[in-house]
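Biologist: Please take a close look at one part of this protein. I would like its contacts and its surroundings in one connected account.

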Amino acid sequence: MHATYYIAKGQKTLGPCSKDDLRNFLAYGSIRDSDLVKREDEEQWRPVSTLLELHAEGQVAADGLTVLPLRRRVARYRDYNRVPYNQRGGVVLRRMIAGFLFFPPMLWWAAVALYSDHIFRQKKDENGYLIVWGRWVEVLVTVLIILNAIAWWVGITYASWILGPGLAELSKGMGEAMDVIKGLLNDTSAK
């Protein structure tokens, strides 16, 4: 027979739930180690961290408390219009292309969205949920960022090599123009 647990969270009592439910609640951050829990057959409430049955092998810290990996919450959408704008596949793809070709900060913006959230396509899976971009896209975007940095560095270096002599002449001419303006100002203030 499986043990049944109840959780005291503030003024509410949640339950019944299983040991696996407790592990998932901890992993997703729905409950904390300090929240109170009791088994169905117990009278006294105690902190979740004191439940020995939640300790997994290799995850017990020095103080005896369980260290559980944190999981990122994943929203599952059925309607593309409900997906946050920065998590829409079309938006991120446009930013990636425009950023790679014209304005690198847009590529970085797309990369931040991709690395921190799931990006959703308009296509649905067999259960009716929107399909999420695969993690291989993160590798692709990382390569794009590196190639983009190299391309911009080469382009700017080449432009400065071609335009260098012209820019030197321009700055020399601007220096002479500034000298003339300073002379005019000095003549005007002396009168």
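Modeller: Start at A110. Leaving aside neighbours within four places in sequence, A110 is in contact with V92, R95 and M96 (contact means heavy atoms within 4.5 Å). A110, V92 and M96 belong to the largest nonpolar core, which has twelve residues, including W133, V137 and L144. Such a core is a set of buried Ala, Val, Leu, Ile, Met, Phe, Trp, Tyr and Cys residues joined through side-chain atoms within 4.5 Å. Buried means under 20% relative accessible area, with a 1.4 Å probe and protein chains only. Helices α2, α3 (104–116) and α4 (136–190) each supply at least two residues of this core. The largest share, five residues, comes from α3. Apart from it lies another core, of nine residues, among them Y5, L26, V37 and V48.

The model is predicted: local features need pLDDT of at least 70, side-chain atom pairs count only at pLDDT 80 or more, and totals for chains, interfaces and linings use all residues. Residues are numbered from 1 along each chain as its sequence is written, and side-chain values use heavy atoms, leaving out hydrogens and water.

The protein has four helices and six strands; these are DSSP runs, helices being H or I of at least four residues and strands E of at least two, numbered from the N terminus. Along the sequence the pattern reads β-β-α-β-β-α-α-β-β-α. Of the 191 residues, 25% count as buried. Among contacts with a separation of 6 or more, 48% come from residues 24 or more positions apart. Helix α2 spans residues 89–101 and contains L101.

Key: Buried means under 20% relative accessible area, exposed over 50%, partly exposed in between (1.4 Å probe, protein chains only).
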